[in-house]
Amino acid sequence: MRIALVDANNFYVSCERVFAPRLRDVPVVVLGNNDGIIVSRSPEAKAIGLKMGFPAFKAKDLMRTHRVRALSSNYALYAAMSDRLMTVLAAFSPRIEKYSIDEAFLDLTDIGSETALEQARRIKAVTKQWIGLPVCVGMGPTKTIAKLANHVAKLMPEFDGVCDLTDPEIRRYWFDGIDAAEVWGVGPAAAEKLARLGYRSVASLREMPSRLARDLLTVAGERIVHELNGIACVKVETASPARQGTAVTRNFGHPITSFEQIREAVASYATRVAEKLREQNQEAEILSVFMHTNRYSGDPWYGNAKKIKLSAPSADTLTLVRVVVDAAREIWKDGYRYSKAGVIADKLVTAGDGQRSLFEPAKASRDRLMKAMDQVNARMGRGTLAPLGAGIRPTWKTRFGRRSPDYLTNWQDLPIARS
């Protein structure tokens with residue numbers, strides 16, 4: 001078996017560079033919600049010492065000194081580029097598993113060993129040529145080894161972004177020099193536990209008795225040891241598993257002190273949750289709403305949440321909005337400056353499969369209404385049709401003061417080529 005892990009390099013920054021050549025070869029960072037922390041860095045930004053998750057305001061002087069270009073997150077652009085990436089990768093194998101927004105596993109078992117590296121290099125070249133994204137490709141007989149091969153491909157410039165650890169002798173050479181903490185599924189606490197017992201490298205972890213791995217790290221640890229020895233325990237999942245939950249949570253652009261603004265926010269979040277459920281052909285049996293202040297700002301702390309069991313599973317926007325607004329009203333307290341709120345849908349079922357209620361509104365007509373809303377929003381842009389309760393010109397929305405245009409999802413922002 002030969003599994004490849006394809007991973008886009010510095011994904012958010014790379015997406016921005018596709019449409020803005022001026023950002024190439026200069027330090028660039030992408031900032032998270034409200035332009036608060038660094039969530040993606042170019043190699044040039046890494047070289048000057050900027051760290052992932054570091055607050056942007058603390059790095060202001062360093063960024064000014066090195067003329068770092070800082071951009072707000074543009075999630076619509078990144079999602080569209082991710083779709084393009086997965087489409088290109090699917091051309092190389094019908095068995096593909098999207099692991100994250102910028103990573104995918106490909107089953108390349110049917111490709112002969114003499115063409116494996118050639119195929120991986122072609123994946124890298126075609127992805128760069130067709131959609132402009134630089135990627136690294138790691139290959140191995142299991143998903144865990146493919147992940148490590150990808151790590152080596154990124155770490156060692158001489159591999160030029162492609163590493164094949166299918167050969168046991170090559171694995172033996174590299175595993176000695178890789179920390180066990182780099183293994184897929186080994187978190188910081190597990191790595192510390194392993195280190196105390198002398199299992200500090202991948203090579204040593206591979207030799208751990210499977211029974212000890214199970215006792216120390218549960219069945220997942222035993223699976224890791226088998227995978228490191230070339231025994232595939234985790235298949236490439238071509239069908240995405242059904243989601244168990246979905247959520248929309250946001251930091252506000254500024255502290256909120258009125259219930260009217262919180263009401264608009266949670267109504268807006270519930271609207272988006274309902275849209276996501278319908279996109280997934282699912283309905284929720286349980287909804288939760290939460291809100292809290294910022295414990296780090298010096299404001300008095302208050303946070304609360306409420307969970308609601310729906311009378312029948314639903315993905316109906318109007319039903320979800322009504323439920324979360326009523327719940328928000330129950331947990332709201334005057335006199336606080338709220339910094340974040342969110343809506344979470346749990347216990348998801350396939351649409352139409354859940355136990356219905358005799359008292360729910362006429363479902364057929366509401367389904368037609370939801371379908372019409374989705375069609376209009378798909379054609380005219382998200383939010384074209386929305387409940388009035390979600391607000392017309394909300395002032396509480398998350399700040400994205402440095403966001404690039406929506407090059408792939410908005411007609412007005414389409415890039416223009418000039419001769």
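**Exercise 1. In which sense do strand β2 and β4 pair, and over how many bridges?**

Before we start: this is a predicted model, where local features need pLDDT of at least 70 and side-chain atom pairs count only at pLDDT 80 or more, while totals for chains, interfaces and linings use all residues. Numbering runs from 1 along each chain as its sequence is written, and side-chain values use heavy atoms, with hydrogens and water left out.

*Solution.* 
- Strand β2 (residues 28–31) pairs with β4 in the parallel sense, over four bridges.

**Exercise 2. Work out the strand order of the open sheet, and find what packs on it**.

*Solution.* 
- Three strands make up this open sheet, in the order β3-β2-β4, with mixed pairing.
- β3 (38–41) and β4 (69–72) each have a single partner strand and stand at the edges, so one side of each has no neighbour in the sheet.
- On average, neighbouring strands here are turned by 30° against each other, direction ignored.
- Helix α1 packs on the sheet and touches β2, β3 and β4 (contact means heavy atoms within 4.5 Å).
- The direction of α1 makes about 110° with that of β2; axes are lines fitted to C-alpha atoms, for helices over the stretch in contact, and angles run from 0 to 180 degrees between N-to-C directions.

**Exercise 3. Classify the ring pairs Phe 19–Tyr 407 and Tyr 302–Tyr 338**.

*Solution.* 
- The rule: rings of Phe, Tyr and Trp (its six-membered ring) pair if their centres lie within 6.5 Å; planes under 30 degrees apart are stacked, over 60 edge-to-face, and the rest tilted.
- The structure holds 15 aromatic pairs.
- Phe 19 and Tyr 407 are 4.6 Å apart centre to centre with 10° between the planes, which makes the pair stacked.
- Phe 19 lies in helix α1 (residues 11–19) and Tyr 407 in the segment after α13 (363–380), so this pair ties together parts 388 residues apart in sequence.
- Tyr 302 and Tyr 338 have ring centres 6.1 Å apart and planes at 85°, so they are edge-to-face.
- Tyr 302 sits in the loop between β10 (282–293) and β11 (303–314), Tyr 338 in strand β12 (residues 338–350), so parts 36 residues apart in sequence are tied together.
- Burial (under 20% relative accessible area is buried, over 50% exposed, in between partly exposed; 1.4 Å probe, protein chains only) comes next: Tyr 407 is buried at 10%, Tyr 302 at 9% and Tyr 338 at 0%.
- Zooming out, ring pairs link Phe 259, Tyr 302, Trp 332, Tyr 336 and Tyr 338 into a cluster.

**Exercise 4. Check the span of helix α6, then its burial**.

*Solution.* 
- The expected span is 1.5 Å times one less than the number of residues.
- For the 13 residues of α6 (residues 143–155) that gives 18 Å, and the end C-alpha atoms are 18 Å apart, which agrees.
- Of those 13 residues, 10 are buried, so α6 is largely enclosed by the rest of the structure.
- The buried ones include Lys 143, Ile 145 and Leu 148.
- The charged end of Lys 143 sits over the ring of Phe 105, 4.6 Å from its centre; the test is NZ of Lys or CZ of Arg within 6 Å of the ring centre and within 35 degrees of the ring normal.

Methods
Helices (H or I, at least four residues) and strands (E, at least two) are DSSP runs, numbered from the N terminus. Two strands pair if DSSP finds at least two bridges between them.
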